[in-house]
Amino acid sequence: MKIMFKKQGISPAVTEGGTPRVHFTGLSAGYPGRTVLHQLHADIPALAITALVGPNGSGKSTLLGVLAGVIRPTSGELRHLGNRPPAFVPQRGAVGDALPLTVRQTVEMGRWGERGPWRRLTRQDHTTVDRTMERLGITDLATRQLGELSGGQRQRALIAQGLAQESDLLLLDEPTTGLDPEARDRIASLLAELVADGVTVVQATHDLEAARSADTCLLLSDGRLAGQGDPEQLLSSSTLSQI
Ligand SMILES: Nc1ncnc2c1ncn2[C@@H]1O[C@H](COP(=O)(O)OP(=O)(O)OP(=O)(O)O)[C@@H](O)[C@H]1O
């Protein structure tokens with residue numbers, strides 16, 4: 001099993017169809033005693049939105065965990081063709097309701113990768129946090145506890161934490177699930193803006209509208225790649241009913 005971070009030396013096969021931000025081949029991964037992902041081969045194109053789609057338990061969150069570096073592949077090769085660690089925004093439900101954190105503290109944690117949890121944040125860090133909260137429209141929620149927010153407000157705080165990491169690769173686990181149409185549209189517009197700003201976005205989603213508006217799509221079924229490419233073509237009703 002190989003994990004590599006590098007900017008150069010991409011093989012022609014990899015660059016075909018656009019520069020990839022992540023390339024993986026023969027990738028298998030899972031949890032102790034249980035293989036979930038089986039021999040996946042795919043590219044995540046740079047400066048685009050990739051949707052990870054598939055039924056419950058098909059391995060979307062596990063693949064995000066592998067891309068984020070929190071789950072180690074058991075075999076295969078994973079290449080990151082960028083020079084910054086990815087920013088990972090977990091599912092809203094995975095973040096404890098009882099955590100005694102304000103929105104501002106939540107977003108500040110996005111700077112810990114640079115600074116470490118015990119070092120004081122710099123003025124530049126605070127500026128980044130302010131700017132990110134403004135961008136997500138949560139400045140007026142700064143002193144509120146995370147656990148007392150609505151689903152959409154909480155989701156924006158978690159995305160702000162991801163953005164505050166200033167990575168060029170943002171990995172999101174179901175960012176729009178359970179949100180009303182206005183909140184979903186807001187997040188969709190933000191993701192498009194981020195791509196225009198130079199960020200590569202990968203989102204696991206059950207939201208077919210979000211998936212269809214992505215640039216490309218990886219369809220997972222039972223830990224295997226059931227298809228990849230144009231979401232409009234891939235997410236036809238016949239394919240969806242098959243999986
Ligand atoms: N921590 C864990 N330990 C053991 N097995 C796990 C763990 N997390 C997930 N799994 C198993 O791995 C498989 C894939 O789960 P995963 O969460 O990646 O799927 P998913 O496609 O994201 O599902 P959902 O759409 O429900 O979020 C499932 O069978 C699940 O039970």
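User: What share of the contacts in the protein chain comes from residues 24 or more positions apart?
Analyst: Of the contacts with a separation of 6 or more, 71% are between residues 24 or more positions apart. Two residues are in contact if their C-beta atoms, placed from the backbone, lie within 7 Å. This is a predicted model: local features need pLDDT of at least 70, side-chain atom pairs count only at pLDDT 80 or more, and totals for chains, interfaces and linings use all residues. Residues are numbered from 1 along each chain as its sequence is written.

User: How many helices and strands are in the protein chain?
Analyst: The protein chain has ten helices and ten strands. Helices (H or I, at least four residues) and strands (E, at least two) are DSSP runs, numbered from the N terminus.

User: What order do the strands of the open sheet have?
Analyst: The six strands run in the order β6-β7-β8-β4-β9-β10, and the pairing is mixed. Two strands pair if DSSP finds at least two bridges between them. β6 (87-89) and β10 (224-229) each have a single partner strand, so one side of each has no neighbour in the sheet. From one strand to the next, the twist averages 15 degrees. Axes are lines fitted to C-alpha atoms, for helices over the stretch in contact, and angles run from 0 to 180 degrees between N-to-C directions.

User: In which sense do β6 and β7 pair?
Analyst: Parallel, over three bridges, with β7 covering residues 169-173. Ala87 is opposite Leu170 in β7.

User: Which helices pack on the sheet?
Analyst: Among them is α6 (residues 151-164), which touches β6 and β7 and makes about 170 degrees with the direction of β6. Another is α7 (residues 181-196), touching β4 (49-53), β7 and β8 (200-204), with its direction at about 150 degrees to that of β8.

User: And β4, covered or open?
Analyst: β4 is mostly covered, with five of its five residues buried. A residue is buried if 20 or more other C-beta atoms lie within 10 Å of its own, exposed if 12 or fewer, and partly exposed in between, with C-beta atoms placed from the backbone. Ile49, Ala51 and Val53 are buried on one side of β4, and Thr50 and Leu52 on the other. For the protein chain, 39% of the 243 residues count as buried.

User: How many bridges does β4 have to β8 and to β9?
Analyst: Four bridges join β4 to β8, in parallel. Four also join β4 to β9 (residues 216-221), again in parallel. Ile49 has Val201 in β8 as its bridge partner, while Thr50 is opposite Thr216 in β9.

User: Switching to the ligand. Which residues are around it?
Analyst: Tyr31, Arg34, Val36, Gly54, Asn56, Gly57, Ser58, Gly59, Lys60, Ser61, Thr62 and Ala204. A residue is near a molecule or strand if its C-beta atom, placed from the backbone, lies within 6 Å of it.

User: Which element gives the largest share of that shell?
Analyst: α2, with three residues. β3 (34-45) and α2 (60-68) each supply at least two.

User: What about the classes in the shell?
Analyst: Three nonpolar, seven polar and two charged residues. Ala, Val, Leu, Ile, Met, Phe, Trp, Tyr, Cys and Pro count as nonpolar, Asp, Glu, Lys and Arg as charged, and the others, Gly among them, as polar.

User: Last topic, domains. Where are their bounds?
Analyst: Domain 1 is 1-86 + 168-243 and domain 2 is 96-166. Domain bounds come from an automatic or database domain assignment. Their C-alpha centres lie 25 Å apart. Seven residues from domain 1 and six residues from domain 2 make the contact.
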